[in-house]
Amino acid sequence: KFTLADRVSALTPSTTLAITAKAKEMKSQGIDVIGLGAGEPDFNTPEHIIKAAYESMTEGHTKYTPSGGMAKLKEAIIHKFETDQHLTYKPSELIVTSGAKHALYTLFQVLLNEGDEVIIPTPYWVSYPEQVKLAGGTPVIVEGKEENEYKITPQQLEESVTSKTKAVILNTPSNPTGMLYSREELGAIGEVCLEKGIMIVSDEIYEKLVYGGNTHTSIAELSKELKEQTIVINGVSKSHSMTGWRIGYAAGNESVIKAMTNLASHSTSNPTTTSQYGTVAAYMGDQMPVEEMREAFEERLNIVFDKLNRIPGFHCLKPQGAFYLFPNVSEAAKKTGYHTVDEFTKALLEEAKVAVIPGSGFGSENNIRLSYATSLDALEEAIGRMQKFVEDKS
Ligand code: PLP
């Protein structure tokens, strides 16, 4: 009676959430665990956003909105695209969703037929392959090599395209590596996509978190042709520290957006009304809090990066964005007597009491992901514990 549908039988739970849950459980037993698994900023949402959301409720805006998002919010998102990317979208080319994750989910549902292929570069955000599979698609995994800063090359992309390829996912800045595709790299990848006629899904959720004087480029801003072939995914979770508000969006081809909006009308009805009002304030109000959070992340990154690299057997490329470090720790695992980085990660949690995410969940067996969306004190203590663990066991 309770046999589950085939479509969910192979669904794996998010590794990130599994480790975080185990760390929480250890904490509740009174064990002093430091969690570096967080995928969300450790700041509260800026005050003016909370105030705007509260006021919208007291003014009576507590009802359904159009499925694809309120006109006022679409205007705010259009303003954001014009300011940041000099891109002009029409309201009919935008859908507001319950987080960027839901924008991606809905997109694959309307885009993919059984067996359609989606190229997913490693290391990838954990939900991409699962979402593609849930829509009947086939993930085609292409390795972003460490020597190429964990990014794929245009040649690799070209070689992976088949007659069934529908789209490629680009995530810049990347979760988990923090790497950015430069304008030139995007141009070269874009050329392959135009030539082969494949769609680009450009996940830009970490756009506002870039460091070291780097700048974020959206592939959609490179040419009119690329804009037409790209669906941009973004949201306020990371930029405005609004993960719990669940607001994201997709921008691009009108017929794709229309299908997504129809699907949303039968699934979520609309993204939470109050959150939509908060997001209007996020985009139309003071942007200083966004910059202040970015500066705080950059300061932490600069302090902890060298310390992390000094751990024997750890080597890490310097991230240019997001809030993760993604060191290759295969040597450290070997030195300490573990066959796999997964086992090493488990021992770090159980013995060193530091929770990090094994790279296997991101398609990268040799790495671990550490989030620096936590206090400097906790970060320094965690790095000290990991260093001691590796030194004691070597
Ligand atoms: N895309 C990437 C690469 C992410 O890391 C995340 C969140 O962790 C999301 C999308 C989803 O963000 P949201 O909170 O808007 O659903």
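Q: Which residues of helix 5 are buried?

A: They are Ala 100, His 102, Ala 103, Leu 104, Tyr 105, Thr 106, Leu 107, Phe 108 and Leu 111. A residue is buried if 20 or more other C-beta atoms, placed from the backbone, lie within 10 Å of its own, exposed if 12 or fewer do, and partly exposed in between. Because nine of the twelve residues of helix 5 are buried, this helix is largely enclosed by the rest of the structure. Remember that this is a predicted model, in which local features need pLDDT of at least 70 and side-chain atom pairs count only at pLDDT 80 or more, while totals for chains, interfaces and linings use all residues. Residues are numbered from 1 along each chain as its sequence is written.

Q: How many residues does helix 5 have, and how far does it reach?

A: Helices (H or I, at least four residues) and strands (E, at least two) are DSSP runs, numbered from the N terminus. The expected span of a helix is 1.5 Å times one less than its number of residues. Helix 5 has twelve residues and reaches 16 Å from its first C-alpha to its last, which is close to the 16 Å expected.

Q: Which members of the largest nonpolar core touch the most other members?

A: In soluble globular proteins, nonpolar side chains tend to be buried together. A nonpolar core is a set of buried Ala, Val, Leu, Ile, Met, Phe, Trp, Tyr and Cys residues joined through C-beta atoms within 7 Å. The largest core here has 110 residues, of which Leu 107, Ile 233, Ala 250, Val 354, Ala 355 and Met 386 touch the most other members. Helix 5 (residues 100-111) gives this core its largest share, seven residues, and the core draws at least three residues from each of domain 1 and domain 2.

Q: What is Ala 250 in contact with, leaving aside its neighbours within four places in sequence?

A: Two residues are in contact if their C-beta atoms lie within 7 Å. Ala 250 is in contact with Ile 95, Thr 97, Ala 103, Leu 107, Ile 231, Val 232, Ile 233, Ile 257 and Met 260, once those sequence neighbours are left aside.

Q: Into which domains is the protein chain divided?

A: Domain bounds come from an automatic or database domain assignment. The chain is divided into domain 1 (6-44 + 289-393) and domain 2 (63-284), and 26 Å separate their centres, taken over C-alpha atoms. The contact takes 32 residues from domain 1 and 30 residues from domain 2. On the side of domain 1 that touches domain 2, helix 2 (15-28) and helix 12 (288-309) each supply at least two residues, and the largest share, six residues, comes from helix 12.

Q: Is Val 290 buried or partly exposed?

A: Val 290 has its place in helix 12, and it counts as partly exposed because it has 18 C-beta neighbours inside 10 Å. Not counting residues up to four places away in sequence, Val 290 touches Lys 208, Ser 239 and His 240.

Q: Where do cis peptide bonds lie, such as the one that joins Thr 172 and Pro 173?

A: For the bond between Thr 172 and Pro 173, omega is about -10°, and Pro 173 lies in the loop between strand 5 (165-171) and helix 8 (183-196). A cis peptide bond also joins Asn 175 and Pro 176, with omega about 25°, and Pro 176 lies in the loop between strand 5 and helix 8.
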